[in-house]
Amino acid sequence: MAGAGVPQSEIAYVLAVTVPTLRKHYRDELQRGAAIVQSRLAGHLLRIASGRDATALKAIMFALQCRFGWSRYAPRRR
């Protein structure tokens, strides 16, 4: 469920445990699930960014800002 982006509170509810218990006993699975979601989102972002329209430009700018700290407002290096 974590790999599908389901919040931990909902996963705990389905398993009938508390969130701290879920985190204690399923830490590796939760981390792996989060990594799966992140990799899928990054893949979709890269697919969108490979286009040639305004949406692609926005996706490229978003990726640069998030991944590399890029800002269109930062002073240019000389």
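Lys and Arg count here as positive and Asp and Glu as negative, while His and the chain ends are not counted. On that basis the protein chain, which is a predicted model, carries 13 positive and 4 negative side chains, and the centres of these two sets lie 15 Å apart.

**Overall form**

The secondary structure of the protein chain consists of 4 helices and 0 strands, and the order of elements from the N terminus on is α-α-α-α. The protein chain is more spread out than a compact globule, because its radius of gyration is 18 Å, well over the 12 Å that the globule rule gives for 78 residues. Taken along the principal axes, the box filled by the C-alpha atoms of the protein chain is roughly 55 × 25 × 15 Å. When contacts in the protein chain between residues at least 6 apart in sequence are considered, 28% of them join residues at least 24 apart.

**Core and local contacts**

The largest nonpolar core has 5 residues in all, namely Ala-2, Ile-11, Ala-12, Leu-22 and Leu-30. One of these core residues, Ala-12, is in contact with Val-17, Thr-18, Val-19 and Leu-22, when residues up to four places away in sequence are not counted. With the same exclusion of residues up to four places away in sequence, Gly-3 touches Gly-33, Ile-36, Val-37 and Arg-40. The C-alpha atoms of Gly-3 and Arg-23, which are 20 residues apart along the chain, are separated by 15 Å.

| Residue | Relative accessible area | Class |
|---|---|---|
| Gly-3 | 18% | Gly-3 is buried |
| Ala-16 | 69% | Ala-16 is exposed |

Gly-3 is placed in the segment before α1 (8–15), and it counts as buried because its relative accessible area of 18% falls under the 20% cut-off for that class. Ala-16, by contrast, is found in the loop between α1 and α2 (19–25), and its relative accessibility of 69% makes it exposed, since that class begins over 50%. Most residues other than glycine have a negative phi. Ala-16, although it is not a glycine, has a positive phi of about 60 degrees.

Terms used: Residues numbered from 1 in each chain as written. Predicted model: local features only at pLDDT ≥ 70, side-chain atom pairs only at ≥ 80, totals over all residues. Heavy atoms only, no water. Helix = DSSP H or I, 4+ residues; strand = E, 2+ residues; numbered from the N terminus. Rg over C-alpha atoms; globule rule 2.2 N^0.38 Å. Contact = heavy atoms within 4.5 Å. Charge placed at Lys NZ, Arg CZ, Asp CG, Glu CD. Core = buried A, V, L, I, M, F, W, Y, C linked by side-chain atoms within 4.5 Å. Buried < 20%, exposed > 50% of the residue type's maximum accessible area, 1.4 Å probe, protein only.
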